[in-house]
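Please consult the sequence and coordinates below before reading on.

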Amino acid sequence: MHLVYPAVLAALLFCVGLYGVLARRNAILVLMSVELMLNAVNLNLVAFDVWLRDELHAGQALTLFTIAIAAAEIGIGLAIVLLVYRNRGTADVDRLRDLNEDAPEPGTERADREEKAEAAA
C-alpha cells in the first residue's frame with residue numbers, strides 16, 4: 001500500500017478543518033471542523049499503522065481512543081452550544097463574550113434595559 005494517498009487525503013482534510021475553525025463564526029460549524037481535523041489524524045494513524053506493519057496495532061488502538069474522546073467532546077460541546085443559544089439567541093462565536101460584560105454594545109436589548117434601570121433610579 002502506498003502511504004502517499006492516505007497522507008495527502010489526511011492533509012487535505014486537516015487543512016479544510018483548520019480553515020473551518022479559523023474562518024467560521026457559527027459554533028456548530030467550528031465543532032464540525034474540529035471533528036474533521038480529528039478524522040484526518042485518525043486516517044494518518046491507521047495508514048501509518050498499516051504501513052509499518054505494527055504487530056500490536058498501536059495506531060488502530062489510538063484511533064479508537066481518539067474516536068471515543070471526539071464523541072465525548074462533541075456531546076459536551078453541542079450541549080454547551082445549545083445552552084448558549086437558548087440563553088443568548090445566537091451561536092455566533094464572535095458575539096459570545098461572557099467575560100466582557102462591563103460595556104454592553106449600544107442598541108442591544110441589555111444596554112436598553114440597563115439605561116432604563118439607571119433612568120428609573
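## Basis of the model

The model is predicted; local features require pLDDT of at least 70, side-chain atom pairs count only at pLDDT 80 or more, and totals for chains, interfaces and linings use all residues. Residues are numbered from 1 along each chain as its sequence is written, and side-chain values use heavy atoms, with hydrogens and water left out.

## Overall fold

The chain comprises four helices and zero strands, in the order α-α-α-α along the sequence. Helices (H or I, at least four residues) and strands (E, at least two) are DSSP runs numbered from the N terminus.

Of the 121 residues, 21% are buried, where buried means under 20% relative accessible area, exposed over 50% and partly exposed in between (1.4 Å probe, protein chains only). The chain exposes about 9,200 Å², of which carbon and sulfur atoms supply 65%; areas come from the Shrake-Rupley method with a 1.4 Å probe, and for residues only the protein chains shown count as cover. Among contacts (heavy atoms within 4.5 Å) with a separation of 6 or more, 52% join residues 24 or more positions apart.

## Helix 3

Helix 3 (58-88) has 31 residues and spans 44 Å from its first C-alpha to its last, close to the 45 Å expected at 1.5 Å a residue. The expected span is 1.5 Å times one less than the number of residues.

Its buried residues include G59, T63, T66, A70, G77 and V81, and helix 2 is among the elements covering the buried residues of helix 3. Just after helix 3, G89 adopts a positive phi of about 85°.

## Nonpolar surface patch

A nonpolar surface patch is formed by I28, L29, M32, L78 and L82, with about 400 Å² of accessible area together. Helix 2 and helix 3 each give two or more residues to this patch, and helix 2 gives the most, with three. Patch residues have over 30% relative accessible area and no salt bridge, and nonpolar side chains (Val, Leu, Ile, Met, Phe, Trp, Tyr) are joined within 5 Å. A salt bridge is a side-chain nitrogen of Lys or Arg within 4 Å of a carboxyl oxygen of Asp or Glu.

L82 lies in helix 3 and is partly exposed, at 43% relative accessibility.

## Aromatic pair

The structure holds one aromatic pair. The ring centres of F48 and W51 are 6.2 Å apart and their planes lie at 85°, so the pair is edge-to-face. Rings of Phe, Tyr and Trp (its six-membered ring) pair if their centres lie within 6.5 Å; planes under 30 degrees apart count as stacked, over 60 as edge-to-face and the rest as tilted.

F48 and W51 are separated by about one helical turn because they are three residues apart in helix 2 (residues 27-52). F48 is partly exposed at 35% relative accessibility, and W51 is partly exposed at 45%.

Key: Patch = residues over 30% accessible without salt bridge, like charges linked within 9 Å, V, L, I, M, F, W, Y side chains within 5 Å.
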